[in-house]
Amino acid sequence: MTTPPAAHLRPWSPADAPVLRAASADPELARQLGGSPFDDDAAAAAFIASRYRHDDHARNWAVDDGTGTVVGSVGVTSVEYGHGTAWISYWLAPAARGRGLATRALVSAAEDAFALGLHRLELGHRTNNPDSCGVATRAGFAAEGIERERLRYGDERFDVETHARLATDPAPDVRPLPIAATES
């Protein structure tokens, strides 16, 4: 018996556009990706090029299930080296949920950010999304409070619970996803 390939993080690629377009068909993900599903692969590729950058100020990772198929995303953005802070976000396609991939991806992205010298990572989830809260908590992000009507999707506003993890916090007991080598 052969061992199945291991899930890992890697930078987003324009070739991932069809998978991103398909994921955007989920109403919850469409909300987070701009409000509506991508019309075509070109629109999804443009989103990848503009929003899923991978550089010194934004490190967006595709969650690869080990077969070359992207099943989610985790990103460290708004990197502020002066204060050593960044914002972190994540999502998984519905079929990939419930296997611990989001938690493991979040731990990996946090470790990568701390290795860059960042000290504080912040995230927020809608208060009506307890699954996302569980991901953040399992990944070592402590709840810090509620921001009223912080997010707007369409005409609807949502309260957000903020979480943060410091470089000095204890590491969670979670096996991170490996990060594939990036091209230089």
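**Overall form and cores of the predicted chain**

The accessible surface of the protein chain comes to about 9800 Å², and carbon and sulfur atoms hold 50% of this area. Accessible areas come from the Shrake-Rupley method with a 1.4 Å probe, and for residues only the protein chains shown count as cover. The structure is a predicted model, in which local features need pLDDT of at least 70 and side-chain atom pairs count only at pLDDT 80 or more, while totals for chains, interfaces and linings use all residues. Residues are numbered from 1 along each chain as its sequence is written, and side-chain values use heavy atoms, with hydrogens and water left out.

The protein chain contains five helices and seven strands. Helices (H or I, at least four residues) and strands (E, at least two) are DSSP runs, numbered from the N terminus. Along the sequence their order is β-α-α-α-β-β-β-α-β-α-β-β. The radius of gyration is 16 Å, close to the 16 Å that the globule rule gives for 184 residues, so the chain is as compact as a globular protein of that length. This radius is taken over C-alpha atoms, and the globule rule is 2.2 Å times the number of residues to the power 0.38. The C-alpha trace spans about 45 × 40 × 35 Å along its principal axes.

Of the 184 residues, 42% count as buried. Buried means under 20% relative accessible area, exposed over 50%, and partly exposed in between (1.4 Å probe, protein chains only).

Helix α4 covers residues 101-115 and has 15 residues. From its first C-alpha to its last, α4 reaches 21 Å, close to the 21 Å expected at 1.5 Å a residue. The expected span is 1.5 Å times one less than the number of residues. In α4, 13 of the 15 residues are buried, so the helix is largely enclosed by the rest of the structure. Gly117 follows α4 and has a positive phi, near 100 degrees.

The largest nonpolar core has 30 residues. Such a core is a set of buried Ala, Val, Leu, Ile, Met, Phe, Trp, Tyr and Cys residues joined through side-chain atoms within 4.5 Å. Val74, Val76, Ile88, Leu106, Leu121 and Phe141 touch the most other members. At least two residues each come from β2 (59-64), β3 (70-80), β4 (85-92), α4, β5 (120-126) and α5 (130-138). The largest share, nine residues, comes from α4. Beyond its neighbours within four places in sequence, Leu106 is in contact with Val74, Ile88, Tyr90, Leu123, Val135, Ala136, Ala139 and Phe141. A second, separate core has 14 residues, including Trp12, Ala17, Leu29 and Phe47.

Ala136 belongs to helix α5. Its relative accessibility is 0%, so Ala136 counts as buried. Leaving out residues up to four places away in sequence, Ala136 touches Tyr90, Leu106, Leu123, Phe141 and His163. Tyr153 is 17 residues from Ala136 in sequence, and their C-alpha atoms are 21 Å apart.

Arg59 sits in strand β2. At 16% relative accessibility, Arg59 is buried. The side chains of Arg59 and Asp112 are joined by a polar contact of 2.5 Å. A polar contact is a pair of N or O atoms within 3.5 Å; within protein, one must be able to donate a hydrogen and the other to accept it, and residues adjacent in sequence count only if both atoms are side-chain atoms. Outside four places in sequence, Arg59 touches Arg53, His54, Val74, Gly75, Val76, Asp112 and Leu116.

Ser78 is not a glycine, yet its phi is positive, about 50 degrees. Ser78 lies in strand β3 and is exposed, with a relative accessible area of 56%. Glu149 is not a glycine either and has a positive phi of about 50 degrees. Glu149 lies in strand β6 (residues 142-153) and is partly exposed, at 49% relative accessible area.

Pro37 lies in the loop between α2 (27-32) and α3 (41-51). Pro37 is partly exposed, at 42% relative accessibility. Neighbours within four places in sequence aside, Pro37 is in contact with Ser24, Ala25 and Ala30. Asp159 is 122 residues from Pro37 along the chain, and their C-alpha atoms are separated by 23 Å.

Definitions and conventions
Contact means heavy atoms within 4.5 Å.
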